[in-house]
Amino acid sequence: GSTATCTFQGVLLQFGIFAAPLFNIMYALTSLLMVRYHYAEHQLVPLERWLQGVIWFFALGTAIFPIPLGLFNNVFQVCWFSAY
């Protein structure tokens with residue numbers, strides 16, 4: 001592959017590694033609030049929107065920020081953070 005394909009793979013990998021666990025935590029938290037603390041849906045909507053915004057911001061930020069710095073390079077069999 002080329003530098004562009006390596007960068008693309010690094011962006012997708014970083015986004016997925018960062019976003020997936022955070023969304024799982026968000027779902028667990030909202031389930032806890034609903035089941036254990038009897039939150040109504042109208043109480044959770046603002047919290048879910050805020051949490052999703054924070055997750056998207058940080059996941060995209062950590063995936064896009066390294067692009068202009070050229071930090072996505074070959075690391076063994078994948079492309080991720082590595083300085084040449």
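Me: How many of the residues in the protein are buried, and what makes a residue count as buried?
Reply: Buried residues make up 23% of the 84 residues in this predicted model, where buried means under 20% relative accessible area with a 1.4 Å probe and protein chains only. Local features need pLDDT of at least 70 and side-chain atom pairs pLDDT 80 or more, while totals for chains, interfaces and linings use all residues; side-chain values use heavy atoms, without hydrogens and water, and numbering runs from 1 along each chain.

Me: Why is the protein called more spread out than a compact globule?
Reply: The protein follows the pattern α-α-α-β-β along its sequence. Its radius of gyration, taken over C-alpha atoms, is 17 Å, well over the 12 Å from the globule rule for 84 residues, so the protein is more spread out than a compact globule; that rule is 2.2 Å times the number of residues to the power 0.38. Along the principal axes, the C-alpha atoms fill a box of roughly 50 × 20 × 15 Å.

Me: Why is methionine 34 called partly exposed?
Reply: Partly exposed lies between the buried limit of 20% and the exposed limit of 50%, and methionine 34 has 45% relative accessibility, so methionine 34 counts as partly exposed.

Me: What share of the contacts joins residues at least 24 apart?
Reply: With contact meaning heavy atoms within 4.5 Å, the share is 59% among contacts between residues at least 6 apart in sequence.

Key: Helix = DSSP H or I, 4+ residues; strand = E, 2+ residues; numbered from the N terminus.
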